[in-house]
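Take a look at the fold below. Start with the whole chain, then follow the text to single elements and residues.

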Amino acid sequence: MKRIAQFFKVSPDKFASAVQEDFPQYSDAEIREIYEQLILPRRATRGSAGYDFFAPFSFLLMPGETIKIPTGIRVKIDEEWVLKLYPRSGLGFKYRLQMNNTVGIIDSDYYYSDNEGHIFIKMTNDTNEGKSVEIARGTGFAQGIFIEYGITVDDEADGVRNGGLGSTTL
């Protein structure tokens, strides 16, 4: 097995500003407590491909609702590798919980962005059975899989990333 990445927390300030933006109901003290209890992604078993991402706080998604979760996590990845994010299989199967961008892509240079490479996961309860989804704090809700990739022989990309979603679009 190749060891090509390592997970870290973003700084407390980056996490706090991200939580305050979308979840103003949390006080500064509550955000500090949430930050201290963040769990770095990990595999459940030796044979697991996916690294589970754990909910930093509890949330409820009614049918059709969407939530953007600031995970508080960043990842340092070797070049030529990417982290692909998906919902946990069971949540997709039982509730049709889906990622809004179908598959999240975390490039190796995202780690160095001004936002410290903070990974956000935006999910929608796309049920067609009227089921709500309740995720408790500390529960795995998404998973990431590291994939090696190649480039074309005539590739000359030399841009420098600074930001997240859509930051590399010309």
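This is a predicted model: local features need pLDDT of at least 70, side-chain atom pairs count only at pLDDT 80 or more; totals for chains, interfaces and linings use all residues.

The protein has 3 helices and 11 strands. From the N terminus, the order of elements is β-α-α-β-β-β-β-β-α-β-β-β-β-β. The radius of gyration is 16 Å, close to the 15 Å that the globule rule gives for 170 residues, so the protein is as compact as a globular protein of that length. Along the principal axes, the C-alpha trace spans about 50 × 35 × 35 Å.

Of the 170 residues, 38% count as buried. Take the contacts with a separation of 6 or more: 77% of them come from residues 24 or more positions apart.

Now the surface. The accessible surface of the protein comes to about 10,300 Å². Carbon and sulfur atoms hold 48% of that area. Among the side chains, 19 are positive and 24 are negative. The centres of these two sets lie 8 Å apart.

Turn to helix H2, residues 28-36. Which of its residues are buried? They are Ile31, Ile34 and Tyr35. Seen down the axis of H2, the buried residues fall within an arc of 100 degrees, so they line one face of the helix. The cover over these buried residues includes strand S1 (5-9) and helix H1 (12-22). The face of H2 turned away from the buried side carries Arg32 and Glu36, both exposed.

Glu80 has a positive phi of about 75 degrees, although it is not a glycine. Where does Glu80 lie? Its loop runs between strand S5 (73-77) and strand S6 (81-87). The relative accessible area of Glu80 is 48%, which makes it partly exposed. The cut-off for exposed is over 50%.

Thr102 sits in the loop between strand S7 (97-99) and strand S8 (104-107). Is Thr102 buried or exposed? With a relative accessibility of 62%, Thr102 counts as exposed.

Definitions and conventions
Residues are numbered from 1 along each chain as its sequence is written. Side-chain values use heavy atoms; hydrogens and water are left out. Buried means under 20% relative accessible area, exposed over 50%, partly exposed in between (1.4 Å probe, protein chains only). Helices (H or I, at least four residues) and strands (E, at least two) are DSSP runs, numbered from the N terminus. The arc is that of the directions from the helix axis to the C-beta atoms. Contact means heavy atoms within 4.5 Å. The radius of gyration is taken over C-alpha atoms; the globule rule is 2.2 Å times the number of residues to the power 0.38. Accessible areas come from the Shrake-Rupley method with a 1.4 Å probe; for residues, only the protein chains shown count as cover. Lys and Arg count as positive and Asp and Glu as negative; His and the chain ends are not counted. The place of a charge is taken as NZ of Lys, CZ of Arg, CG of Asp or CD of Glu.
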